Amino acid sequence: MVNSSEKFLIDANTLMTASRFFYAYDLVPSFWETFEDEIKAGNIVLLDMVKAEIDKGEDELKQWYLKEKMILKSVIMLIRKSSLNLRK
């Protein structure tokens, strides 16, 4: 599906729109499961500013984020390490 070297940066609006209008957690759980799998695989990355924007809300997206927080933290750390290596 995705070239293993490709990384996709997703902005907060993409997640907010998906969760509020198109892919409700209870109606389309497969969307969120696939999204989670791609995060775990390191193919999708959420930057700190996206996390901060999600954190402002009190909705299902924030609950989803909190559930996935440990996975997101590890992926973000990998990206930071990768970017440090690129600078050398």
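Is Leu 9 buried or exposed? Leu 9 counts as exposed because its relative accessibility is 55%, where exposed means over 50% relative accessible area, buried means under 20% and partly exposed lies in between, using a 1.4 Å probe and protein chains only. The model is predicted, so local features need pLDDT of at least 70 and side-chain atom pairs count only at pLDDT 80 or more, while totals for chains, interfaces and linings use all residues. Residues are numbered from 1 along each chain as its sequence is written, and side-chain values use heavy atoms, with hydrogens and water left out.

The predictor's confidence in each residue is given as pLDDT, from 0 to 100. The mean pLDDT of the chain is 79, and 73% of its residues reach 70 or more. Among the elements of the chain, helix 1 has the highest mean pLDDT (90) and helix 4 the lowest (68); helices (H or I, at least four residues) and strands (E, at least two) are DSSP runs numbered from the N terminus.

Aromatic rings come next. A pair of aromatic rings is described by the distance of the centres and the angle of the planes. Rings of Phe, Tyr and Trp (its six-membered ring) pair if their centres lie within 6.5 Å, and planes under 30 degrees apart count as stacked, over 60 as edge-to-face and the rest as tilted. By this rule the count comes to 7 aromatic pairs, and one of them joins Phe 31 and Trp 32 edge-to-face, at 4.9 Å centre to centre with 85° between the planes. Trp 32 is buried, with 2% relative accessibility, whereas Phe 31 is partly exposed at 25%.

Side chains of opposite charge can pair when their charged atoms come close. The structure holds 4 salt bridges, each being a side-chain nitrogen of Lys or Arg within 4 Å of a carboxyl oxygen of Asp or Glu. In one of them, the closest N and O atoms of Arg 20 and Asp 59 are 3.1 Å apart. Because Arg 20 lies in helix 1 (residues 12–22) and Asp 59 in the loop between helix 3 (48–56) and helix 4 (60–87), the pair ties together parts that are 39 residues apart in sequence. By contrast, Glu 53 and Lys 56, which meet in a salt bridge of 3.5 Å from N to O, are 3 residues apart in helix 3 and therefore separated by about one helical turn. Another salt bridge links Asp 55 with Lys 62, their closest N and O atoms being 4.0 Å apart, and salt bridges that share partners join Asp 55, Glu 58 and Lys 62 into one network.
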